[in-house]
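Thanks for coming, everyone. I'd like to walk you through a structure that is new to the group. Please have a look at it while I talk.

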Amino acid sequence: MSNLSRLLKESWTLVEEHQDKLASYFYARMFLNNPQLRDLFPVQMDVQRSRLLGAIVTAVQTVDDPEHFEEYLQSLGRDHRKFHVQPEHYEVVGSALMEALRTFAGDQWSIEFDQAWSDAYAVIADKMIAGAEADLSNPPYWHAEVLYHERRSRDIAVMTVKPMQPLEYRAGQYLSVETKYQPRLWRVYSAANAPRKDGSLDFHVRAVGAGWVSSALVRRVRPGDMIRLGAPMGQMTLDRRSTRDIVCVAGGTGLAPIKALIEEMTRANRTRWVHVFFGAKDRDDLYDLACLNRLAARYPWLSVVAATSDDPDFPGEHGNVSDIVARYGPWRDHDFFVSGSPTMVKSTLRTLAEMQVPAIRIKYDAFGDV
Ligand SMILES: Cc1cc2nc3c(=O)[nH]c(=O)nc-3n(C[C@H](O)[C@H](O)[C@H](O)COP(=O)(O)OP(=O)(O)OC[C@H]3O[C@@H](n4cnc5c(N)ncnc54)[C@H](O)[C@@H]3O)c2cc1C
Ligand code: HEM
């Protein structure tokens, strides 16, 4: 661990237990220093659930790995254009962060800690600003019309939207989405198709518990509605130079990016075997299995194994999808794509580590913090 990393981690332990108060103070400071910034945030803002502070803290603490994060931070900066963030706002946010840390750390806060946080924040802010500036030929967000909306189960909808302006992305990437029902509240969803000539995109959305955006997308959005899309992000894309066979592991609507990748392969692949494991609680949640099975019948290189964890009569595999992947192994020479809930992704990564799959061959997107 480098000295910078050590300082950042050590200093965070001084404030960690006051996180909620730190967050309230941080936002209060920020809005006091620049009241106009309030308009950038969601109307019904819940400070404890707001993602900005947590995201900054995570980013600052991983600043030691700039190569890995360079691309992520640039695309995050690009994505922040949708919030109307300007370069000068970074300083306001940075100052509020520093003031909040100093206030809650108490006597043990030192000049070294202060310097470490300012330096790390500056590195991140610079990369995000550079990402935004390199993207000025694109709009800050895209207006898109909902063309099609179908409920596939109690909680899941599949929809197709068409951006009004060209929107370039790669199969496997995700984009943030905002609806008129929850203004300024953005959540990311994976495109479920490879880019099409007509520019339309599919999304597969599950409404989670008291989830604001997902419930609106599943239960309220109708064809004809306009939504907004942010810049595409994510690295879970196909390495076209690799000749290895592929294993895809999807949990629930984690199928979305996997489906996009399969679609991309239907255009070019002749030589790589692709094994898809699609897991869900019960058969209703295997909302797109019929389509996957049709693709498998058409493309000899594609095989699909479906599994339910909580549906004893389901005519397929039973259990957690990660255990089923293990049962079908070994997979030491394969490229992996894993997508789904944090729990499912975590247990699949653990299984793959036990099976000695090198981490470098695994790309994954978890629908939350892993
Ligand atoms: C890279 C990435 C790609 C994603 N792609 C998709 C996708 O293609 N399809 C899709 O449906 N979702 C996807 N998600 C998840 C999506 O971004 C939202 O997190 C999710 O829809 C919940 O948003 P919300 O506003 O409805 O809930 P929020 O208002 O953010 O959360 C409401 C409550 O529900 C809880 N909660 C949040 N998520 C879950 C969950 N999964 N299960 C149980 N409780 C939960 C929260 O803790 C909170 O208490 C993706 C996430 C990431 C990070
Ligand atoms: C180091 C600098 C920053 C980092 C690492 C960062 C990171 C993030 C991340 C990861 C999210 C969640 C993404 C999402 O939900 O779409 C987010 C949300 C947000 N960020 Fe930033 N950000 C930074 C600076 C800023 C600045 C300077 C502003 C300008 C005020 C800003 C405004 C916002 C807003 C408005 C949200 C949405 C908050 C919410 O929905 O509750 N960010 N940020």
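How close do the axes of helix α2 and α5 come, and at roughly what angle do they cross? Before I answer, one caution: this is a predicted model. Now the answer. The axes come within 8 Å and cross at roughly 140 degrees. That makes α2 oblique to α5. The crossing is right-handed.

Who makes this contact? From α2, which spans residues 19–33, we have Lys21, Leu22, Tyr25, Phe26, Arg29, Met30 and Asn33. From α5, the list includes Val92, Val93, Ala96, Leu97 and Phe104. Sorted by class, the contact has 11 nonpolar residues, two polar and three charged.

Next, helix α6, residues 111–133. Start with its crossing with α1, residues 3–15. Their axes come within 9 Å, at roughly 110 degrees. So α1 is roughly perpendicular to α6. This crossing is left-handed. Which residues of α6 does α1 meet? They are Glu112, Phe113, Ala116, Trp117 and Ala120. On the α1 side, the partners are Leu4, Leu7, Leu8, Glu10, Ser11, Trp12 and Leu14. By class, that is nine nonpolar, one polar and two charged residues.

Helix α3, residues 52–61, also packs with α6. The angle is about 100 degrees, and the axes are 9 Å apart. So α3, too, is roughly perpendicular to α6. Ile56, Val57, Ala59, Val60 and Gln61 of α3 meet Trp117, Ala120, Tyr121 and Ile124 of α6. In this contact, eight residues are nonpolar, one is polar and none is charged. Look at Trp117 and Ala120 on your screens. Both meet α1, and both meet α3.

How many donors does the iron atom of ligand 2 have from the protein? A single one: NE2 of His80, 2.1 Å away. His80 sits in the loop between α4 (66–79) and α5 (89–105). Stay in that loop for a moment, as it also holds His84. Here is some background. Most residues other than glycine have a negative phi. His84 is not a glycine, yet its phi is positive, about 65 degrees.

On to the sheets. Strands of a sheet pair through backbone hydrogen bonds, either parallel or antiparallel. We have an example of each to look at.

Take the antiparallel one. This open sheet has six strands, in the order β4-β3-β6-β1-β2-β5. Which strands are at the edges? They are β4 (187–190) and β5 (201–206), each pairing on one side only. The twist averages 45 degrees from one strand to the next.

Let's walk across part of this sheet. Strand β3, residues 174–179, is joined to β4 by four bridges. Here Val177 stands opposite Arg187. Then β3 is joined to β6 by three bridges, again antiparallel. Thr179 has Ile227 of β6 as its bridge partner. Next, β6 (residues 226–229) pairs with β1 (residues 142–151) over four bridges, in the antiparallel sense. Ala144 has Ile227 as its bridge partner in β6. So where does that leave Ile227? This residue is a bridge partner of Thr179 and of Ala144.

Now the parallel one. This is an open sheet of six strands, ordered β10-β9-β8-β7-β11-β12. Its edge strands are β10 (317–318) and β12 (362–366). Strand β11, residues 335–340, pairs with β12 in the parallel sense over five bridges. Phe336 stands opposite Ile362 there.

Which strands does helix α8 touch as it packs on this sheet? Helix α8, residues 255–268, touches β7 (246–251), β8 (274–280), β9 (302–308) and β11. Its direction makes about 150 degrees with that of β7. Helix α11, residues 342–354, packs on the sheet as well, touching β7, β11 and β12. The direction of α11 makes about 155 degrees with that of β11.

One last stop. Most peptide bonds are trans. Which two residues here are joined by a cis peptide bond? They are Gly329 and Pro330, with omega at about 5 degrees. Pro330 lies in the loop between α10 (321–328) and β11.

That's the tour.

How values were computed: Residues numbered from 1 in each chain as written. Chains lettered and ligands numbered in written order. Predicted model: local features only at pLDDT ≥ 70, side-chain atom pairs only at ≥ 80, totals over all residues. Heavy atoms only, no water. Axes fitted to C-alpha atoms, helices over the stretch in contact; angles between N-to-C directions. Helix = DSSP H or I, 4+ residues; strand = E, 2+ residues; numbered from the N terminus. Parallel < 35°, antiparallel > 145°, perpendicular 65-115°, else oblique. Left-handed = near helix turned anticlockwise from the far one by under 90°. Contact = heavy atoms within 4.5 Å. Nonpolar A, V, L, I, M, F, W, Y, C, P; charged D, E, K, R; others polar. Pairing = 2+ DSSP bridges. Donors = N, O, S within 2.8 Å, 3.2 Å for Na, K, Ca; no water.
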